[in-house]
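Here are my notes on this structure, as numbered points. Please read them with the model open beside you.

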Amino acid sequence: GTWYDDAWLGLGWVKPLQEAWPQAQDYFKALAENHPDSRLRPEALFKWGETALRLQEHSTARTTLNTLLKDYPASPFTDEALFCKGMIESRERQFVQARKTFNQLNLLYKAKPLADDALFQVGNTYFAQGHYQQALDLWSELLTTYPLTELRPSTQLMMAEANYKDRKSVV
């Protein structure tokens, strides 16, 4: 990496602070595409994919994140890339694939901060499909495995809604 690579990455990091997401994406993309040997390429790929996801450019996000996961499997951004990939799949209603991605994240990175969020998202995919008992089981596992999770209030709210919908569907 050179000072030039650092400058491109720095410019990309500044743009989101200005709510200039398309420009940030351009900086991350330029670094990733024009400097393939840069030590900063894994981070640029991740930020490009994450920014594309924020801009709802799912095809670009998926391609970029898959490149990161394939080319840099030991990158410190792998867990976050898997999470973003799962979110894309979930948003595109590819719930089975989203569950696989989130479960892979949870299996590989159980001690990392996104593991509880991955379990929450797996529950959300079941909920979105009307499989309320499976969602409840996952969310119960989440609260048992990660008792201090910041997701506790959201999880409890979703559990209450799933219980309500599950009872309503039986009547």
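1. Start with one residue. Glutamate 50 is partly exposed, with a relative accessible area of 26%. Here buried means under 20% relative accessible area, exposed means over 50%, and partly exposed lies in between (1.4 Å probe, protein chains only). Lysine 47 counts as buried, at 10% relative accessibility. The side chains of these two residues, glutamate 50 and lysine 47, form a salt bridge, 2.4 Å from N to O. The term salt bridge stands for a side-chain nitrogen of Lys or Arg within 4 Å of a carboxyl oxygen of Asp or Glu. Both residues, glutamate 50 and lysine 47, sit in helix α3, 3 residues apart, about one turn of the helix. An α-helix has 3.6 residues a turn, so residues three or four places apart point the same way.

2. A word on the source. This is a predicted model: local features need pLDDT of at least 70, side-chain atom pairs count only at pLDDT 80 or more, and totals for chains, interfaces and linings use all residues. Residues are numbered from 1 along each chain as its sequence is written, and side-chain values use heavy atoms, with hydrogens and water left out.

3. Now the overall fold. The chain has 9 helices and 0 strands. Helices (H or I, at least four residues) and strands (E, at least two) are DSSP runs, numbered from the N terminus. Of the 171 residues in the chain, 48% are buried. Contact means heavy atoms within 4.5 Å. Among contacts with a separation of 6 or more, 48% come from residues 24 or more positions apart.

4. How many salt bridges does the structure hold? There are 4. One of them joins arginine 41 to aspartate 71, with the closest N and O atoms 3.7 Å apart. This pair links distant parts of the chain: arginine 41 is in helix α3, aspartate 71 in helix α4, 30 residues apart. Arginine 41 is buried, at 14% relative accessible area. Aspartate 71 is partly exposed, at 33%.

5. Aspartate 71 has another partner. It also forms a salt bridge with lysine 70, the closest N and O atoms being 3.0 Å apart. Shared partners join Arg41, Lys70 and Asp71 into one network. Lysine 70 is exposed, with a relative accessible area of 64%.

6. Look along α4 next. This helix has 14 residues and spans 20 Å from its first C-alpha to its last, close to the 20 Å expected at 1.5 Å a residue. The expected span is 1.5 Å times one less than the number of residues. Which residues of α4 are buried? They are His58, Ala61, Thr64, Leu65, Leu68 and Leu69. These lie on the same side of α4, because they cover an arc of only 140 degrees around the axis. The arc is taken from the directions from the helix axis to the C-beta atoms. Ser59 and Lys70 are exposed on the other side of α4. Cover for the buried residues of α4 includes α3 and α5.

7. Last, the core. A nonpolar core is a set of buried Ala, Val, Leu, Ile, Met, Phe, Trp, Tyr and Cys residues joined through side-chain atoms within 4.5 Å. The largest one has 45 residues, of which Phe46, Phe102, Leu105, Phe127 and Trp139 touch the most other members. Elements giving two or more residues to this core include α2 (21–34), α3 (41–54) and α9 (152–170). Beyond its neighbours within four places in sequence, phenylalanine 102 is in contact with Phe83, Gly86, Met87, Ala118, Gln121 and Val122.
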